Amino acid sequence: MTHAYETLLVERVDDHVLLLTLNRPAAANAMNTRMGEELMDLFERFQLDSDGVRAIVVTGAGDKTFCAGGDLKERNGMSDAQWLRQHAMFERMLRAIIACPIPVIGAINGAAYGGGCEIAAALDFAYAADNARFALTEVTLGIMPGAGGTQNLPRAMGERRAKEVILTGLPFTAAEACDWGLVNRVLPQAELLEAALAIARRIAGNAPISVRQAKQSISRGMQMSLADGLAFEIECYNRMVSTEDRLEGIRAFNEKRKPQFRGV
């Protein structure tokens, strides 16, 4: 992806791994209209063309904040119509992240509040720095989470824990986020990004059609009954039987070498 953005840094760290940095450090990487539009644009592009990218890591600029949520300075004085229009775009942005066919991994490098926490919850999985903190503070501001927070948090940490977090607006630590299922690992700040990139490279080394189909099977299957999910899983599985990558995987295993997957 060569498109230039104002609020995002998009870096191809190797042939198949993309590093996406939320880049408004002077505003604690808060999400203004421009950032929302640019995230929406980037992830909707990936629904049309992967451009060879097989895994994406998302982090924030600096070492204190992942994303402070919606930019309340920009929102100050907005009319109801302006607020609703902006929020409709934020909703579309979150749906584009969730619908991305490529695995999206979080490197939560600091505070993830409000919409920042909702972005973290929308990713496929996430690692967090040990200084990271999370919160959904919307009810303290006269609103409520509206970018997937009331849906993704219960799915990650369970209904009762999510209700406690959302209804109080209280922050919680990276260790608690890991214990409750919102993040997968907690690491020292200095080790976080490389750990996330290493796992992204591991994913990118696997057969891309297999990874895409497995992600889709999990994500959509979670919304189905078990019987429907099992049927959907086989539909996803059958998509790989006729691929060249399946043949390459078997050849490589028998020849005792690393497979060279091409996504075909």
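Guide: Some terms to begin with: two strands pair if DSSP finds at least two bridges between them. Helices (H or I, at least four residues) and strands (E, at least two) are DSSP runs, numbered from the N terminus. This is a predicted model, where local features need pLDDT of at least 70 and side-chain atom pairs count only at pLDDT 80 or more, while totals for chains, interfaces and linings use all residues. Residues are numbered from 1 along each chain as its sequence is written, and side-chain values use heavy atoms, with hydrogens and water left out.

Visitor: Which residue in E5 is the bridge partner of Val57?

Guide: Ile105 is the partner. Strand E3 (residues 55–60) and strand E5 (residues 104–108) run parallel, joined by 3 bridges.

Visitor: What order do the 6 strands of that open sheet have?

Guide: The order is E1-E2-E3-E5-E7-E10, with mixed pairing. Strand E1 (8–12) and strand E10 (185–187) are the edges, each pairing on one side only.

Visitor: And what does helix H8 touch?

Guide: Helix H8 (residues 189–204) packs on the sheet and touches strand E2 (17–22), E3, E5, strand E7 (125–129) and E10. Contact means heavy atoms within 4.5 Å. The direction of H8 makes about 160 degrees with that of E7; axes are lines fitted to C-alpha atoms, for helices over the stretch in contact, and angles run from 0 to 180 degrees between N-to-C directions.

Visitor: Rings next. How many aromatic pairs are there?

Guide: The count is 4. Rings of Phe, Tyr and Trp (its six-membered ring) pair if their centres lie within 6.5 Å; planes under 30 degrees apart count as stacked, over 60 as edge-to-face and the rest as tilted. Phe125 and Tyr127 form a tilted pair, 6.0 Å centre to centre with 45 degrees between the planes.

Visitor: Is Tyr127 buried or exposed?

Guide: Tyr127 counts as buried because its relative accessibility is 6%. Buried means under 20% relative accessible area, exposed over 50%, partly exposed in between (1.4 Å probe, protein chains only).

Visitor: Which charged end sits over the ring of Tyr127?

Guide: That of Arg185, 5.2 Å from the ring centre. The rule asks for NZ of Lys or CZ of Arg within 6 Å of the ring centre and within 35 degrees of the ring normal. Likewise, the charged end of Arg75 sits over the ring of Trp83, 4.3 Å from its centre.

Visitor: Which residues do ring pairs link into a cluster?

Guide: Phe134, Phe172 and Trp180. Phe172 is buried, at 2% relative accessibility.
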